[in-house]
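Student: I would like to learn how to read a model like this one. Can we go through it feature by feature?

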Amino acid sequence: MTDKDVLELSNEITFLCSWFCPFAQRTWIALLEKGLPFTYKEVSLRNPSTGLWFPLQEKPKWFTALNPLGKVPVLAYKDEKTQQPHSVYESLICNEFLEDFAAAPERPPLLPPHPALRAKARIIMDHFNTHFVPLFYRILIRRDKAQQAEVAQQLEEECDWLEDNLDQAGPYFLGAEFSLVDCALIPWFVRGYVLEHFRQLQLPPQRCTKLQRWVKAAMERPSVTGTFKAPEEGTSYEDKLLEHYVRYADGSANSTSAAAFK
Ligand SMILES: N[C@@H](CCC(=O)N[C@@H](CS)C(=O)NCC(=O)O)C(=O)O
């Protein structure tokens, strides 16, 4: 991290990300789908010597100036006409911003045109955020086997909810076109093997056949595979992610997600 108090912004979007973060991955995928030029900037959220997450007051000022919550993702840029600096944070809001910002005929839309279908997309993303996401962390954080089994069942029930809301024909969540819903949900299925490794839980369950087809199709999308970047050259993304989640699974994670989803 730089000690400078201000991050110099340009007219091109600067994307603040941490390679392991599923929330930031949502926005990374949307950026790649839109084909927008952007500068990737890795933010180090954990102290490399202790492995512990930096508390808010120890994060660099340039970073908290762009997001007072001290979290990734952040999109920051200077308006071309006015030269006013802007920053946007919270992954789902970043993605909606990109949809508005890059609304041009040559950029693929990531929401359907019909207002009711756009609303449905938002209902699915909101439901996933408030139901599935906390359970993903909770099953890793819980130490007690009976509690883990209870959360596993809740996660499977959430998959049933997704299955019921998935388009019949697919292959993407809302149908033939890849959308913000795919961007918002797929990062947690990219991490499916993490739950299998630490909790022997296979998601989606066998019975969710549409969801399984969706995971496969979305995981083959270049915008999704384009985000599978290990932090160091020559290391495996999958192995590094497993290392990252050890701290949740052994109870030593001090991140805000670990605290929020206990
Ligand atoms: N609700 C936020 C969550 C973002 C988030 O929790 N990001 C994590 C990294 S995966 C973070 O920056 N954590 C910093 C911290 O907890 O100090 C969003 O959707 O963008």
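Student: Where does Pro171 lie?

Tutor: Pro171 lies in the loop between helix H5 (145–165) and H6. Helices (H or I, at least four residues) and strands (E, at least two) are DSSP runs, numbered from the N terminus. Two notes on the source. Residues are numbered from 1 along each chain as its sequence is written, and side-chain values use heavy atoms, with hydrogens and water left out. This is a predicted model, where local features need pLDDT of at least 70, side-chain atom pairs count only at pLDDT 80 or more, and totals for chains, interfaces and linings use all residues.

Student: Which peptide bond joins Gly170 and Pro171, cis or trans?

Tutor: Start with the general idea. Most peptide bonds are trans, and most residues other than glycine have a negative phi. The bond joining Gly170 and Pro171 is cis, with omega about 5 degrees. The peptide bond from Val72 to Pro73 is cis too, with omega near 5 degrees. Pro73 lies in the loop between helix H2 (61–66) and S3.

Student: What is the phi of Gln83, and what is that of Glu90?

Tutor: Gln83 has a positive phi of about 65 degrees, although it is not a glycine. It is placed in the loop between S3 and S4. Glu90 also has a positive phi, near 75 degrees. Glu90 lies in the loop between S4 and H3.

Student: How is burial read, and is Glu99 buried or exposed?

Tutor: Buried means under 20% relative accessible area, exposed over 50%, and partly exposed in between (1.4 Å probe, protein chains only). Glu99, at 9%, is therefore buried. Gln83 is partly exposed at 38%, and Glu90 is partly exposed at 39%.

Student: What does Glu99 touch?

Tutor: Contact means heavy atoms within 4.5 Å. Not counting residues up to four places away in sequence, Glu99 touches Lys34, Pro109, Leu110, Leu111 and Leu180. A polar contact is a pair of N or O atoms within 3.5 Å; within protein, one must be able to donate a hydrogen and the other to accept it, and residues adjacent in sequence count only if both atoms are side-chain atoms. A polar atom of the Glu99 side chain lies 3.3 Å from the backbone nitrogen of Leu111.

Student: Which elements cover the buried residues of H3?

Tutor: Glu99 is found in helix H3. The cover includes strand S1 (13–17), helix H1 (22–34), strand S3 (74–78), strand S4 (85–89) and helix H6 (180–190).

Student: How many residues of H6 are buried?

Tutor: H6 is mostly covered, with 11 of its 11 residues buried. Among them are Asp182, Pro187 and Trp188. Ser179 caps the N-terminal end of H6, with a side-chain oxygen 3.1 Å from the backbone nitrogen of Val181.

Student: Which residues are closest to the ligand?

Tutor: A residue is near a molecule if one of its heavy atoms lies within 4 Å of it. Here 13 residues surround the ligand, and the closest are Cys21, Lys59, Glu90, Ser91 and Thr256.

Student: Which polar atoms lie 2.5 Å and 2.6 Å from ligand oxygen atoms?

Tutor: A polar side-chain atom of Lys59 lies 2.5 Å from an oxygen atom of the ligand. For Ser91, an N or O atom in the side chain is 2.6 Å from a ligand oxygen. A polar backbone atom of Val72 lies 2.9 Å from an oxygen atom of the ligand.
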